[in-house]
Amino acid sequence: MTQQRRRTPLVWTLVALTAIGFGLLGAALFRSPVGAQEPSLRASIATWKDSDGIIELCIDLHDEARGETRICPDLRRLNVAAVAERRWFRSRAIEIAPSVSLWVRARRVGDRLDFGLGIRSDGRSRGLRAATWFFDWRQRPENRWQGSSSILLPVSVTPYSRLWATSAGMLSDAAQLAPGRPAPEFTLPRLGEDPETLVSLFDALGGGARHTLLVFWASWAPHVEETLTTLSELAVESSEVRVIAINVYEPSQRAAQQFARDHGARILHLVDESGSVAQHYRVDGLPEIYVLDRWGVYLFTIRGPAPLTDMLSSSEPSE
């Protein structure tokens, strides 16, 4: 009996060591590969209020590996004064990862605008809000972006890399050009500046202008001098017009820079060295002007020299 009692602690010790051994083996078998980590994706809301009192809401994503990017879903603009109180408005959803989509939510409560996110993941939908996601919509400053605090998204899969613009040219998932649809998104460097510093179409659209004009040009093309001069004067004289000039098919960047200084120094000049943006927009002659509304929606195209002021006042394409 005494001998049996002495053996019992030893047996339990062996059992415990065996369990620990199997536990360590299991952890080794199922451990994530070296360097792998759970995705850490944070989101915040970027808001813009124009002179008509329309609030625009976009989503800023913060990824530890890729940095920051801004995505703006369709149906994201809200006329706060005209909506019913306490009724949640929502934008269309954007898929940010396999089986994961996000949308923006907002509601008016008196002078306060509450906003948040909706997320669908693993087949379930839910709302997400931080305690600080609200503001006085009447007192909100006009014509500038303002960001909220961020929250960690409950996402266990890696977001699509296409959400982050990494090189000059068209975004990989840019839509086709179509009247009444948002203009296809791109990123391009400024003419004559660091080619690694890119400007997106979305960034260039910031402001409250009624029209944005994308003009594709080259210094060797006929009528370009007249067109750039007219557009530059128009942009300076009227806050209703923003001009983004895109230099393309240019054999000499030095010549393009000098031409821009001489005939369009007061407008933003980007360079489409590869021609990918011009091809995506189906540019078939220079100069060519693509007219967008204040929201970046493509309206129509002006080809060659044209009475720009008359065409813009009607906002209709000419025959």
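This is a chat about the predicted model shown above.

Biologist: Before we dig in, what kind of model is this and what are the pLDDT limits?

Modeller: The model is predicted: local features need pLDDT of at least 70, side-chain atom pairs count only at pLDDT 80 or more, and totals for chains, interfaces and linings use all residues. Residues are numbered from 1 along each chain as its sequence is written, and side-chain values use heavy atoms, with hydrogens and water left out.

Biologist: OK. How many helices and strands does the chain have?

Modeller: The chain comes to 6 helices and 20 strands.

Biologist: What about contacts between residues 24 or more positions apart?

Modeller: Those account for 59% of the contacts in the chain with a separation of 6 or more. A contact here is heavy atoms within 4.5 Å.

Biologist: Let's talk hairpins. Which strands does S2 pair with, and in what sense?

Modeller: S2 (residues 54–63) pairs with S3 (residues 67–71) in the antiparallel sense, over 5 bridges. Two strands count as paired if DSSP finds at least two bridges between them. Aspartate 63 sits opposite glycine 67 of S3, and the hairpin has 3 residues between the strands.

Biologist: How many residues lie between S6 and S7?

Modeller: That hairpin has 2 residues between its strands, and serine 99 in the turn has a positive phi of about 65°. S6 (residues 94–97) and S7 (residues 100–109) run antiparallel with 3 bridges, and isoleucine 94 is opposite leucine 102 in S7.

Biologist: Switching to the sheet with S14: what's the strand order?

Modeller: S13-S14-S15, an open sheet of 3 strands with antiparallel pairing. S13 (169–170) and S15 (198–200) are at the edges with a single partner strand each, so one side of each has no neighbour in the sheet. S13 and S14 share 2 bridges, and glycine 169 has threonine 187 in S14 as its bridge partner.

Biologist: How many aromatic pairs are there?

Modeller: The structure holds 10. One of them is phenylalanine 186 with tyrosine 281, edge-to-face at 6.1 Å centre to centre and 75° between the planes. Rings of Phe, Tyr and Trp (its six-membered ring) pair if their centres lie within 6.5 Å; planes under 30 degrees apart are stacked, over 60 edge-to-face, and the rest tilted.

Biologist: Where do phenylalanine 186 and tyrosine 281 sit in the chain?

Modeller: They link distant parts, 95 residues apart: phenylalanine 186 is in S14 (residues 186–189), and tyrosine 281 is in the loop between helix H5 (276–280) and strand S19 (288–293). Phenylalanine 186 is buried at 0% relative accessibility, and tyrosine 281 is buried with a relative accessible area of 0%. Phe186 and Tyr281 also belong to one aromatic cluster with Phe216, Tyr290 and Tyr298.

Biologist: Now threonine 47. Buried or exposed?

Modeller: Threonine 47 is buried, with a relative accessible area of 3%. It's in strand S1 (residues 41–49).

Biologist: What does the side chain of threonine 47 make a polar contact with?

Modeller: The side chain of arginine 140, at 3.1 Å. A polar contact is a pair of N or O atoms within 3.5 Å; within protein, one must be able to donate a hydrogen and the other to accept it, and residues adjacent in sequence count only if both atoms are side-chain atoms. Leaving aside neighbours within four places in sequence, threonine 47 is in contact with residues including Glu56, Phe135 and Trp145.

Biologist: Last one, H3. Which residues of H3 are buried?

Modeller: Val224, Thr227, Leu228, Leu231, Ser232 and Leu234. Seen down the axis of H3, the buried residues fall within an arc of 165°, so they line one face of the helix. That arc is taken from the directions from the helix axis to the C-beta atoms.

Methods
Buried < 20%, exposed > 50% of the residue type's maximum accessible area, 1.4 Å probe, protein only. Helix = DSSP H or I, 4+ residues; strand = E, 2+ residues; numbered from the N terminus.
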